[in-house]
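User: Please pick one part of this model and look at it closely, together with what surrounds it. Give the cut-offs behind each term as you go.

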Amino acid sequence: SLARVCFTAPPPPPFPPPNVGVPPPKNFSKTDTPPAPQLLGGKGALGSVPSPHPDTALVPSARQQDFLSAARQQVPGVGPLTAMAFVLLVDDPTRFEHSREEGAYFGLLPKLDESSESSPQLGTTYAGVELARRLLVSAAHYILGPFGPDRDLRRHGERIAARGGKNAKKRAAVAVARKLAVLLHQLWGSGATYEPLYTAMRRAA
């Protein structure tokens, strides 16, 4: 018969470690919250910091966590992978002066043909990272699909698809993906709460 061998795991070390005799780094202010919870806990963890933290690496990380949670919970079609890809590629929302620049950054703008007098309907530029662009377009397809709730994004895509023409549904999905990227940047940069029918309410007022 097989003998059962039991292993007893040692107790985990105390957190935070005692660090006896080691002075704190110069760029770390006194706080009641250890560094790891500050990085992962979001606004609640940063609430115990009595003064603005000099280490700017902590605050953006907390804001990234808050944005990831808000984007997944509030914006339809945006899952964990889409939100994470957006955060990793944008890195800092202040890099872009205007939110509309996100469309060009992710390659969701149509190409321009300036060699003729006409304005033919061309495809997108396909600039940027292909995976992120595919994730945004996939989220746009969900928004426009049968399970997508009534939102400004959906209405925007439906208006474009109703115009008809060549590849109308495809152009509508790309347009919604582009508007979704702009929306995510605005929510991240401002920290505002997502209002799904903001444009519709403004027009009705």
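Analyst: Helix α4 is followed by Asp-91, whose phi is positive, near 70°. Helices here are DSSP runs of H or I with at least four residues, strands are runs of E with at least two, and both are numbered from the N terminus. Most residues other than glycine have a negative phi. Asp-91 is a residue other than glycine with a positive value, and its place is in the loop between α4 and α5 (101-105). With a relative accessible area of 46%, Asp-91 is partly exposed, a class that lies between buried (under 20%) and exposed (over 50%), using a 1.4 Å probe and protein chains only.

The model is predicted: local features need pLDDT of at least 70 and side-chain atom pairs count only at pLDDT 80 or more, while totals for chains, interfaces and linings use all residues. Residues are numbered from 1 along each chain as its sequence is written, and side-chain values use heavy atoms, with hydrogens and water left out.

Helix α4 itself covers residues 80-90, and its buried residues are Thr-82, Ala-83, Ala-85, Phe-86, Val-87 and Val-90. An α-helix has 3.6 residues a turn, so residues three or four places apart point the same way.

Rings of Phe, Tyr and Trp (its six-membered ring) pair if their centres lie within 6.5 Å; planes under 30 degrees apart count as stacked, over 60 as edge-to-face and the rest as tilted. By this rule there are 6 aromatic pairs. In one of them, the rings of Phe-86 and Phe-106 have centres 5.6 Å apart and planes at 20°, so this pair is stacked. Because Phe-86 lies in α4 and Phe-106 in the loop between α5 and α6 (130-144), the pair ties together parts that are 20 residues apart in sequence. Both Phe-86 and Phe-106 are buried. Phe-86 pairs with Trp-188 as well, at 6.3 Å centre to centre and 55° between the planes, which is a tilted arrangement. Trp-188 belongs to helix α8 (residues 168-190), so this second pair links parts 102 residues apart in sequence. Trp-188 is buried at a relative accessible area of 8%. Phe-86, Phe-106 and Trp-188 sit in one aromatic cluster that also includes Phe-67, Phe-96 and Tyr-105.

From α3, Ala-71 is buried at a relative accessible area of 2%. Not counting residues up to four places away in sequence, Ala-71 touches Val-78, Ala-83 and Leu-184, where contact means heavy atoms within 4.5 Å. Leu-180, with neighbours up to four places away in sequence left out, touches Val-75, Val-78, Leu-136, Ala-139 and Leu-153.

Helices α6 and α8 also meet directly. Their axes come within 8 Å and cross at roughly 110°, the axes being lines fitted to C-alpha atoms over the stretch in contact, with angles from 0 to 180 degrees between N-to-C directions. That makes α6 roughly perpendicular to α8, since 65 to 115 degrees counts as such, under 35 as roughly parallel, over 145 as roughly antiparallel and the rest as oblique. Leu-136, Ala-139 and Ala-140 are among the α6 residues involved, and Val-176, Leu-180 and Leu-184 are among those of α8. By class, this contact has 13 nonpolar, 1 polar and no charged residues; Ala, Val, Leu, Ile, Met, Phe, Trp, Tyr, Cys and Pro count as nonpolar, Asp, Glu, Lys and Arg as charged, and the others, Gly among them, as polar.

For the chain overall, there are 9 helices and 0 strands. Buried residues make up 31% of its 205 residues. Of the contacts between residues at least 6 apart in sequence, 52% join residues at least 24 apart.
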